[in-house]
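Visitor: Hello! I am new to protein structures and would like to learn how to read one. Could you take me through it step by step?

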There are 2 protein chains.
Amino acid sequence: MVTIVREAREMSSLLTQRRRRGQTIGLVPTMGYLHEGHLSLVRSSRMENDVSVVSLFVNPLQFGPGEDLSRYPRNEARDRELLDGEGVDFLFAPAAETLYAPDHSTFVDEAALSLPLCGASRPGHFRGVCTVVLKLFNIVGPDRAYFGMKDYQQLQVIRRMVRDLSVPVTIRGCPLVREPDGLALSSRNTYLSPQERTSALALSSALEATARAYADGERSVPALLEGLRGRLTRDPLLQIDYAEIRDAESLEALDVVEAPAVVALAVRVGKTRLIDNAVIGG
Amino acid sequence: MVTIVREAREMSSLLTQRRRRGQTIGLVPTMGYLHEGHLSLVRSSRMENDVSVVSLFVNPLQFGPGEDLSRYPRNEARDRELLDGEGVDFLFAPAAETLYAPDHSTFVDEAALSLPLCGASRPGHFRGVCTVVLKLFNIVGPDRAYFGMKDYQQLQVIRRMVRDLSVPVTIRGCPLVREPDGLALSSRNTYLSPQERTSALALSSALEATARAYADGERSVPALLEGLRGRLTRDPLLQIDYAEIRDAESLEALDVVEAPAVVALAVRVGKTRLIDNAVIGG
């Protein structure tokens, strides 16, 4: 049975005991409403560590005004059952009031990788992500932490933060998990109407077509992007937030794909903003 | 004999071994050129911990353009002898190139306590302090870290950072140490000419006079400040950077002293900027 912990202090002290016994700790930070993508991270943590902790926290700091904080899907009872089934040791599910003091005033800013893509369309988002992830690292003290490649930019920003701040944790990036028809798993897929669900398939199919064009020899970023964007502008239900091809590690803009690059998409499907990506040239 | 360590990785692994043996770790972060103020921190660390680490790092990130980074006084051989004499276990003295990657891009910002006083006259200073102190905490993993009350605002900013980011360390603030004639010990005192050294006594004597006025019943901040500033404007060698009275914990501006307050000074003595402070109403 997974043990639910609500208080940071209690979480730390439980894990300090385990660490003193020489046990290693894996952390899977989540916002809950778990799907197979999260569970694949959990399984990696279970494989590599003596103790696995899943955090469940819908972090207000990473939502902008007008974003979906209040309606973000939640189902802790179901999350708990899923984690029981996976043999997770601890579910750390603090209340926002316990994690942030009313006069909280310290923030972690990554000032390079977090600027383009989601950083440009969601100001303050990565500051919120970095701040809460560093807090979770400090509370849990994990040997390894697991993040999905679905949030590709987030993974790169966190790797950079860990390097720059000398955080003693190993970051594992785990493959994106898709539905059989290609849709990338996301807690936000629950917002989609049946019609929107069908339209949303354009994201993965556009990424696939771009990967094919690359495999067929196309190296020009403008040419690849023209094809990519063309496939996302046919359906009036879709509105591109961004569609870009950038260096897979530095996230710098490219004219030509020479090394691994990430094809990164954020698209509104009706009112729901979905992201997806594929790495090419790897 | 103190063991000198240059590489963060080596420092971490040496201390991980100690921690596994159940030993507690104290950290005294310094910029070197040690004086009795630093040594009082070292002694506190030695009293409370099994292992004591002094870091020596003149952190470029906390110096602004035109500040004294390049001429900041250094004497590692002497520092090492002093630490030998105190029975310190490790001197962590990394090179700047090993601590910051050329594309370092992650910073820790405290956005309330760091705004007034030194934060106003040294933009970016506390961002540099918070970032390097958090890095040192991550590398060393101390149970306790020791800071002098000479850098009063720094101490409060670090306490806030530790609280906000859930850093698992206890912060100890240690009393300011003065020369027999009242001058607060500072590595920067070495910049002073004999004449400036005499003029610099006005800082501590102005603070003393303000504490006396408070003890005599004066509670009005404008009245206390008038007396304080008056004593610092008589000598043409002195130029006030700031002279303020603020809440001792929140550093908020005050009209009347009702709870503990800090009288905080930054004064240029010739070309040398000195800080000093006294807490009243405690």
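This is a predicted model: local features need pLDDT of at least 70, side-chain atom pairs count only at pLDDT 80 or more; totals for chains, interfaces and linings use all residues.

Visitor: Which residues of helix H2 of chain A meet residues of helix H3 of chain A?

Guide: From H2(A), the residues are A:Leu39, A:Val42, A:Arg43 and A:Arg46. Their partners in H3(A) are A:Leu82, A:Leu83 and A:Glu86.

Visitor: At what angle do the two helices pack, and how far apart are their axes?

Guide: H2(A) covers residues 36–48 and H3(A) covers residues 76–86. The angle is about 35°, and the axes lie 11 Å apart. The crossing of H2(A) past H3(A) is right-handed.

Visitor: Now for the two chains. How is one copy related to another?

Guide: In general, two copies of a chain are related by a rotation about an axis and a shift along it.

Visitor: Which residues of chain A does B:Asp164 touch?

Guide: Leaving out residues up to four places away in sequence, B:Asp164 touches A:His104, A:Ser105, A:Thr106 and A:Lys135. B:Asp164 itself belongs to helix H7 of chain B, residues 152–164. Its side chain and that of A:Thr106 are joined by a polar contact of 2.9 Å.

Visitor: Is B:Asp164 buried or exposed?

Guide: Use the cut-off here: buried means under 20% relative accessible area. B:Asp164 has 1%, so it is buried.

Visitor: Let me try another. Where is B:Arg122, and what joins its side chain to that of B:Glu67?

Guide: B:Arg122 sits in the loop between helix H5 (118–121) and helix H6 (125–140) of chain B. A polar contact of 2.6 Å joins the side chains of B:Arg122 and B:Glu67. Besides B:Glu67, the residues that B:Arg122 touches include B:Gln62, B:Phe63, B:Arg188 and B:Arg273. Its relative accessibility is 9%, so B:Arg122 counts as buried.

Visitor: What about B:Asp181: which residues is it in contact with, beyond its neighbours within four places in sequence?

Guide: They are B:Arg197, B:Leu201 and B:Ser204. With B:Arg197 there is a polar contact between side chains, at 3.1 Å. The side chain of B:Asp181 also reaches the backbone nitrogen of B:Leu183, at 3.3 Å. To find B:Asp181 on the model, look in the loop between strand S7 (170–174) and helix H8 (194–199) of chain B. With a relative accessible area of 42%, B:Asp181 is partly exposed.

Visitor: How far apart are B:Asp181 and B:Leu201 in sequence and in space?

Guide: They are 20 residues apart in sequence, and 7.5 Å apart in space from C-alpha to C-alpha. Now try A:Tyr100 and A:Leu155: these are 55 residues apart along the chain, and their C-alpha atoms are separated by 23 Å.

Visitor: Which side chain makes a polar contact with the side chain of A:Tyr100?

Guide: That of A:Asn59 does, at 2.5 Å. A:Tyr100 lies in the loop between helix H4 (96–99) and strand S5 (106–110) of chain A. At 11% relative accessibility, A:Tyr100 counts as buried.

Visitor: Finally, what should I know about the backbone angle phi?

Guide: The general idea is that most residues other than glycine have a negative phi. In this model, A:Tyr33 has a positive phi of about 50° although it is not a glycine. B:Leu251, also not a glycine, has a positive phi of about 60°.

Visitor: Where are these two found?

Guide: A:Tyr33 is in the loop between strand S2 (25–30) and H2 of chain A, and is partly exposed at 23% relative accessible area. B:Leu251 is in the loop between strand S8 (238–247) and strand S9 (261–269) of chain B. With a relative accessible area of 2%, B:Leu251 is buried.

Definitions and conventions: Residues are numbered from 1 along each chain as its sequence is written. Chains are lettered from A and ligands numbered from 1 in the order in which they are written. Side-chain values use heavy atoms; hydrogens and water are left out. Axes are lines fitted to C-alpha atoms, for helices over the stretch in contact, and angles run from 0 to 180 degrees between N-to-C directions. Helices (H or I, at least four residues) and strands (E, at least two) are DSSP runs, numbered from the N terminus. A crossing is left-handed if the near helix is turned anticlockwise from the far one by less than a right angle, and right-handed if clockwise. Contact means heavy atoms within 4.5 Å. Buried means under 20% relative accessible area, exposed over 50%, partly exposed in between (1.4 Å probe, protein chains only). A polar contact is a pair of N or O atoms within 3.5 Å; within protein, one must be able to donate a hydrogen and the other to accept it, and residues adjacent in sequence count only if both atoms are side-chain atoms.
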